[in-house]
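My notes follow the structure.

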Amino acid sequence: MRNQPHALGHRARRFGELYGNRYGRRRGNALIAWVLLEVRITTRMMGDNFPAAVVPPALFTGAACVHYQTSGSTTLLRVATSALLFFAFLYVFDASNQARGLEEDRINKPYRPAPAGLTTTQGLRRRFWSAMPLYTLLGWATGTLLWALLWQAVIVGLHLLSDPRFYFVVKPPAMQIGIICQTAAAWQLVAPLDRTGWTWALTTGIGYNIAMIFEDVRDMDGDRRIGRRTLPLLIGHWPVRIWFAVVLSGLPFALYILLFAPSGADVTATAVCTLVVTAMNWTVAARSLLRRNKRADRATYQLYGLAFGATLGCGLVLL
């Protein structure tokens, strides 16, 4: 009898340990499941625009580091910070856009999180409003608050306030402001914008933005469904394809004259950068005319984003 309390206590402790372990595992499994779901949602939400919105500014931050001859550790830190900042830049854009564009995405991009059933438009809206203060905080912490606030104002105007009927009027200037926010903030992560920074930011930002209307070619069916008026719907997809191809075909010459040649870099480096950028831009231009279906247009747009990134990446060897 004297051993009974000890035995009961041992069984109680054993029960508590087992229960606690199982409860802990359940909580741990739930947390892991939630994280994996968010990763899946974020990947599908941001996959289309990631090559154009995150990779180029991170490379431009690296170019600014080269220009100012920062140390290796400082460069790595700045580029990592840039990637995080522009991840948030894209996250708030895509979350607000897709929270409003379910009907379009069901037709054009059924793999996105809302039409795929991974979340709801309300869920995307909650993610947007939750991410906005975090993006603001990142802007403040990195010295790019002005550009973060300007981009947030653009997003609210474009995705929450503008009428879909006037999308073809509102979107081009909104995207122009956005791409300048990208390049300017990317440089400012390293140092205040000087003449070199502004020249690269404005030349690449304006040059690649005037070709961006091609993005709407791939979305014509869904845009028509929701009453959104875009340039391809107003004038047809062929004029937009031709404009896109002409701009990208001529852009390497402008880049060479305005950026590459005046950089003072080695002749070989200048020639290699010119050839790489020309090859990428001309490939994208040819694809826009020769490969004409939703899947091909989506890939063409992503290659366009990578060409933009390659152009800014040339600053790594030219500045």
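Entry 1: I am working from a predicted model. The largest cavity has a volume of about 380 Å³. I listed its lining and got 28 residues, with Asn49, Phe93, Met175, Glu215 and Tyr301 nearest the centre. Which helix gives the largest share of this lining? Helix 8 does, with six residues. I noted helix 2 (50-53), helix 4, helix 8 (167-188) and helix 14 (294-313) as each supplying at least two. By class, I have 13 nonpolar, five polar and 10 charged residues in the cavity lining.

Entry 2: I turned to the largest pocket, which holds about 220 Å³ of space. I read off its lining as Glu38, Leu84, Phe87, Ala88, Tyr91, Val92, Ala131, Leu134, Tyr135 and Leu138. Helix 4 (72-100) and helix 6 (121-142) are the elements that give two or more residues to it. Helix 4 has the largest share, five residues. I sorted the pocket lining by class: nine nonpolar, no polar and one charged.

**Entry 3: helix pair.** I checked helix 9 (residues 195-209) against helix 12 (residues 237-260). Their axes come within 10 Å and cross at roughly 170°. Angles over 145 degrees count as roughly antiparallel, so I logged helix 9 as roughly antiparallel to helix 12. On the helix 9 side, the contact residues are Thr199, Trp200, Thr203, Thr204, Gly207 and Tyr208. On the helix 12 side, they include Leu251, Leu255 and Phe260.

Conventions:
Residues are numbered from 1 along each chain as its sequence is written. This is a predicted model: local features need pLDDT of at least 70, side-chain atom pairs count only at pLDDT 80 or more; totals for chains, interfaces and linings use all residues. Side-chain values use heavy atoms; hydrogens and water are left out. Axes are lines fitted to C-alpha atoms, for helices over the stretch in contact, and angles run from 0 to 180 degrees between N-to-C directions. Helices (H or I, at least four residues) and strands (E, at least two) are DSSP runs, numbered from the N terminus. Angles under 35 degrees count as roughly parallel, over 145 as roughly antiparallel, 65 to 115 as roughly perpendicular and the rest as oblique. Contact means heavy atoms within 4.5 Å. On a 1 Å grid over the protein atoms alone, a cavity is a set of points where a 1.4 Å probe fits but cannot get out, and a pocket is an open set with protein on both sides within 12 Å along at least five of seven lines; lining residues have an atom within 4 Å of a point. Grid points are joined across faces, edges and corners, and a volume is the space filled by probe spheres set on the points. Ala, Val, Leu, Ile, Met, Phe, Trp, Tyr, Cys and Pro count as nonpolar, Asp, Glu, Lys and Arg as charged, and the others, Gly among them, as polar.
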